[in-house]
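Dear colleague,

My findings on its strands and helix packing follow it.

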Amino acid sequence: MSARRPLVIGNWKMNLDYVEGLHLVQQLGVLMKNRPVEHVEVVVAAPFVDLRSVSSIVDSERFSMSLGAQHVNANENGAHTGEISTSMLKRLNVEWVLVGHSERRVHYAMSDEIVAQTLSAVVRAGQHAVLCVGEERSIRESNTYCQYVTAQLESALGGLDEKFYNFVTVAYEPLWAIGTGVNASPEQVREMTSFLRKELRARSFTSPQVIYGGSVNAENAATLVGESDVDGFLVGGASLKAESFYAILRACDDCYAVKR
Ligand code: PEP
């Protein structure tokens, strides 16, 4: 396990308008106040237009969670119609940013080069980046997934100064598990978690943090966290309901309470 605090981050994707987002955070906050989550860093990555209101309620109610964004533009400002900068996110207290989620890579042509530029922009702004890597099914079946994610790591981290490494978390997110209801098995997660940690250590990360994402839910979270030596989860669908997201937080909190 990483020496860093385990992380569970909810990725709402393009779901929940700001009113729905407020309700969800309110419900989650109440659950977390009734029975606090002590060993896990909790982050919600809301759509851009929800961030302001979610930030306000987290702040005013003193909920123990941080705010994340699902994407950001690598440029500081200027002629980038439709885009958002790291400084805009910082003004809204956004501390975490997903970088290179597979849906950005596949559907919005986010190249390895743009992923690297975005990662650099995020950590230089003093925010935590969650760098998403993972293979599609054909690559898994051809047994070349380790080489594939190594190449993703290399291109994203190659030009990054070591002093920023503590601001980078790696999320192993195999595409065949995202939104499919078919999670990677604990053995598959353990294999990739330890492989990625080894790769990161070889690149001089002193405390690599590797989380898993792909159809994590209230039912499988305890087994996954208990048997895979992962440092947390990136959760999509199951983060859209307070009860299921809280169940995942509980599973992690109980497990890390024992491990620490
Ligand atoms: C994700 O969007 O990163 C994700 C893991 O989604 P889901 O949990 O729905 O598979």
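Strand S5 (residues 128-133) is largely enclosed by the rest of the structure, because five of its six residues are buried. Here buried means under 20% relative accessible area, with exposed over 50% and partly exposed in between (1.4 Å probe, protein chains only). Helices (H or I, at least four residues) and strands (E, at least two) are DSSP runs, numbered from the N terminus.

Please note that this is a predicted model, in which local features need pLDDT of at least 70 and side-chain atom pairs count only at pLDDT 80 or more, while totals for chains, interfaces and linings use all residues. Residues are numbered from 1 along each chain as its sequence is written, and side-chain values use heavy atoms, with hydrogens and water left out.

S5 pairs in the parallel sense with strand S4 (residues 94-99) over four bridges, and Val130 of S5 stands opposite Leu98. Two strands count as paired if DSSP finds at least two bridges between them. S5 also pairs in the parallel sense with strand S6 (residues 168-172), over five bridges; there, Ala171 in S6 is the bridge partner of Cys132.

Strand S1 (residues 7-11) is mostly covered, with five of its five residues buried. In a regular strand the side chains alternate between the two faces of the sheet. Both faces of S1 are covered: Leu7, Ile9 and Asn11 lie on one side, Val8 and Gly10 on the other, and all are buried. Five bridges join S1 to strand S2 (residues 41-45), and the two run parallel. Asn11 stands opposite Ala45 in S2.

Turning to the helices, H8 (residues 186-202) and H9 pack at an angle of about 45°, with their axes 9 Å apart. Axes are lines fitted to C-alpha atoms, for helices over the stretch in contact, and angles run from 0 to 180 degrees between N-to-C directions. H8 and H9 are therefore oblique to each other (angles under 35 degrees count as roughly parallel, over 145 as roughly antiparallel, 65 to 115 as roughly perpendicular and the rest as oblique). Pro186, Glu187, Val189, Arg190 and Thr193 in H8 meet Thr223, Leu224, Glu227 and Ser228 in H9, contact being heavy atoms within 4.5 Å.

H9 (residues 221-228) and H10 (residues 242-259) pack at about 25°, with their axes 8 Å apart, and are therefore roughly parallel to each other. Ala221, Ala222, Val225 and Gly226 of H9 make this contact with Ile248, Ala251, Cys252, Cys255, Tyr256 and Lys259 of H10.

Yours sincerely
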